[in-house]
Amino acid sequence: AAWNGYEVKTIGDAFMVAFERTCDAVSFALSAQESLVEAAWPAALLQLEYCAYNDYGPWCGLKVRIGVHCGAVDVQLNNLTGRYDYFGNTINKAARIEGACLEGTVAVTPEVMDELLEREELEGLKAEVIPMRSKQLKGIEEPVQPFLLLPLTLVERRTFVESQLHLSKEERKLAVDSITNSA
């Protein structure tokens, strides 16, 4: 509601949500990560190693991956449900970018970063940007360099994220410099 999102459908344990503005999609995703930590999870769930608070920062409850991509889509009305559904390369890339990210993070495509920088909205999101290595994603011709976003309230997760990414300091600096220089 606060971000003007539209729940398109669920696909297994995944949700497809559409937004009019890219910044709203990213704001929603960052807020969702914060809300998952703040949720009142059942004690039995929190006793599971995967869901417990640990040394890598604020983890509590379920760990969810969220991917965000932007672009034109094919919108079709589903006559059975009366709801709109979305199709096309943009949807495929969004799904693949979600699959490429780490739990507890938000992954965005270079197109999302470009739009946030162009509209000068990145700083207002209060998120740390962590570049990933370029990846070949299924169904996408060119390799994609995703960026992980962490809400500043969960920035302690950076230790875990960096341990999983295996980026050298030089690679991180080059990627961050490329973001800064494109602004």
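# A guided reading of the predicted chain

Glu120, which comes just after helix α4, takes a positive phi of about 55 degrees. Helices here are DSSP runs of H or I with at least four residues, strands are runs of E with at least two, and both are numbered from the N terminus. The model is predicted, so local features need pLDDT of at least 70 and side-chain atom pairs count only at pLDDT 80 or more, while totals for chains, interfaces and linings use all residues. Residues are numbered from 1 along each chain as its sequence is written, and side-chain values use heavy atoms, with hydrogens and water left out.

The chain contains six helices and eight strands. Along the sequence they follow the pattern β-β-α-α-β-β-β-α-β-α-β-β-α-α. Of its 183 residues, 39% count as buried, a term that means under 20% relative accessible area, with exposed set at over 50% and partly exposed in between (1.4 Å probe, protein chains only). Among contacts in the chain with a separation of 6 or more, 61% join residues 24 or more positions apart; contact means heavy atoms within 4.5 Å.

The interior may be considered next. A nonpolar core is a set of buried Ala, Val, Leu, Ile, Met, Phe, Trp, Tyr and Cys residues joined through side-chain atoms within 4.5 Å. The largest such core has 21 residues, of which Val26, Val68, Val106, Val108 and Leu149 touch the most other members. At least two residues of this core come from each of α1 (22-38), β3 (66-68), β6 (106-108), α4 (110-118), β7 (127-131) and β8 (147-151). Helix α1 gives the most, with six residues. Leaving aside neighbours within four places in sequence, Val26 is in contact with Val68, Val108, Val112, Leu116, Leu125 and Leu149. Apart from this core lies another, of 16 residues, including Ala100, Ala107, Leu148 and Leu165.

In α4, the buried residues are Val112, Met113, Leu116 and Leu117. Seen down the axis of α4, these fall within an arc of 130 degrees, so they line one face of the helix; the arc is that of the directions from the helix axis to the C-beta atoms. In α5 (residues 158-165), Phe160, Val161 and Leu165 are buried. Their arc around the axis is only 125 degrees, which puts them on the same side of α5. The buried residues of α5 pack against β7 and β8.

Asp24 is placed in helix α1 and counts as buried because its relative accessibility is 12%. Beyond its neighbours within four places in sequence, Asp24 is in contact with Trp3, Asn4 and Phe19. Lys93 lies in helix α3 and is likewise buried, at 12% relative accessibility. Not counting residues up to four places away in sequence, Lys93 touches His69, Thr109, Glu111, Ile140 and Val144.

Finally, the largest pocket is lined by 34 residues, and the closest to its centre are Phe15, Met16, Val17, Ile66 and Gly67. The strand β2 supplies the largest share of this lining, six residues. The lining divides into 21 nonpolar, five polar and eight charged residues, where Ala, Val, Leu, Ile, Met, Phe, Trp, Tyr, Cys and Pro count as nonpolar, Asp, Glu, Lys and Arg as charged, and the others, Gly among them, as polar. A pocket is an open set of points on a 1 Å grid over the protein atoms alone, where a 1.4 Å probe fits, with protein on both sides within 12 Å along at least five of seven lines; lining residues have an atom within 4 Å of a point.
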